[in-house]
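Subject: Structure handover and notes

Hello,

Please find the structure below, with my notes after it. Please keep it open while you read.

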Amino acid sequence: MRGRPKTELVLSDAEREQLTALTLRRKTAQAMALRARIVLGCAQGMENKAVAVRQRVTPQTVSKWRARFVKHRLEGLLDAPRPGAPRSIDDARVDAVIARTLESIPQGATHWSTRTMAREMNLSQTAVTRIWRAFGLQPHRQETFKLSSDPLFVEKVRDIVGLYLDPPLKAMVLCVDEKSQIQALDRTQPILPLAPGIPERRTHDYMRHGTTTLFAALDIATGEVIGELHRRHRSSEFLQFLRTVEANVPTGLDVHLVMDNYGTHKTPAVKAWFARHPRFHVHFTPTSASWLNQVERWFATLTEKYIRRGTHRSTRQLEQAIKQYLQLNNANPKPFQWAKTADDILASVERFCLRTSNSGH
């Protein structure tokens, strides 16, 4: 063998789990994620040159982080101390800032800001900003979540994800839902158009001109959408849409419908219709788990691209705009690529449940 001999790199289960988490976590610094991928590649027995090609770095970079990890393990992936003036804020004060940020709230506010924390800890605002950025703390941000309490959650997730990843033969899988109460909104004054250095401007108030409901069925294989607009949102309109779906699906195919648990989907008339059409198979998503229905993502794209910033002086004008979007979508359809397996989803939900159960709230 030519070249300098390399020390064997063997990972423990805990180290492998931590490194994998660094590559998957959205908020991991890109440099740290790259180093973790390099170490994981080396641990698989790959040569440094092969890892370098895969990660698009030089072999010297791979050799550096391989050696750092072998010598210092996970701590070796951190940046080495840089030359310059000694730190003026020791670890104890940094820990105090982090603890105060995570475990308390200021008086007269719901969350800390850099200014209020700086006054509280007798530090500069810049120092607080650097500490928060280093540890990924963002008190000003807040996200929402909702865990499904459906007793059949696991079974339904496996059923629907199985349809996405391994669709049945001689069948069409359609994600069905309705986007209700789409408002035809017009601004009270003319919109000022985009100009160099000036964004498009519009009035904050608006006039309502009625609402409409879009019933949609997304073909997961092609990305095409069967759409129908109705002014009302009842089981009778849903039945009419089912007849439209029936007319647009070739007679030789079974039809698997992924739907939520909305009341109009489970009325006696709808159940009777499905009983008369045995080639239709219904798969209900778990309660509070609409993210499993791919058509919801298509609705979000429709809203973002075509509705949110649109102005419509009548419901008819709004409906014409939606029909135009449907035509453009179906002229060049692009299906969504579902990548998560049921096991991945359930493991993620389990980790989230553990976090919420240990949060102390």
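The notes below go from the whole chain to single residues.

This is a predicted model, in which local features need pLDDT of at least 70, side-chain atom pairs count only at pLDDT 80 or more, and totals for chains, interfaces and linings use all residues. Residues are numbered from 1 along each chain as its sequence is written, and side-chain values use heavy atoms, with hydrogens and water left out.

Overall fold

The protein has 13 helices and five strands; these are DSSP runs numbered from the N terminus, with helices being H or I over at least four residues and strands being E over at least two. Its radius of gyration is 27 Å, well over the 21 Å that the globule rule gives for 361 residues, so the protein is more spread out than a compact globule. That radius is taken over C-alpha atoms, and the rule is 2.2 Å times the number of residues to the power 0.38. Along the principal axes, the C-alpha atoms fill a box of roughly 75 × 60 × 45 Å.

Of the 361 residues, 36% count as buried. Here buried means under 20% relative accessible area, exposed means over 50%, and partly exposed is in between (1.4 Å probe, protein chains only). The accessible surface of the protein comes to about 23500 Å², and carbon and sulfur atoms account for 52% of it. Areas come from the Shrake-Rupley method with a 1.4 Å probe, and for residues only the protein chains shown count as cover.

Contacts are heavy atoms within 4.5 Å. Among contacts between residues at least 6 apart in sequence, 66% join residues at least 24 apart.

On charge, the mean positions of the 54 positive and 35 negative charges are 7 Å apart. Lys and Arg count as positive and Asp and Glu as negative, while His and the chain ends are not counted. Each charge is placed at NZ of Lys, CZ of Arg, CG of Asp or CD of Glu.

Annotated region

An unreviewed UniProt entry lists residues 173-318 as "domain: Tc1-like transposase DDE". UniProt positions are in the numbering used here, feature names are shortened, and annotations may be inferred rather than shown by experiment. In the model, residues 173-318 are 28% helix and 32% strand, with the end C-alpha atoms 29 Å apart.

Helix α1 and R73

Helix α1 covers residues 13-24 and contains E15. E15 counts as buried, at 11% relative accessibility. Leaving out residues up to four places away in sequence, E15 touches V10, F69, R73 and L74. T20 is also in helix α1, but T20 is partly exposed at 32%.

R73, one of the contacts of E15, sits in the loop between α4 (59-72) and α5 (91-103). R73 is partly exposed, with a relative accessible area of 28%. Its phi is positive, about 60°, although R73 is not a glycine.

K170

K170 also has a positive phi, near 50°, in a residue other than glycine. K170 lies in the loop between α8 (153-165) and β1 (171-187) and counts as exposed, at 71% relative accessibility.

Q181 is in strand β1 and is exposed, at 54% relative accessibility. Outside the four places on either side in sequence, Q181 touches T211, T212 and T213. P139 is 42 residues from Q181 along the chain, and their C-alpha atoms are separated by 34 Å.

T211 belongs to strand β2 (residues 206-219) and is partly exposed, with a relative accessible area of 26%. Apart from neighbours within four places in sequence, T211 is in contact with Q181, I182, Q183, R231 and T315. T211 and I182 are 29 residues apart in sequence, and their C-alpha atoms are 5.2 Å apart.

Helix α13

D343 is found in helix α13 (residues 342-357). D343 is partly exposed, at 48% relative accessible area. Between D343 and V51 the C-alpha distance is 28 Å, and the two are 292 residues apart in sequence.

Regards
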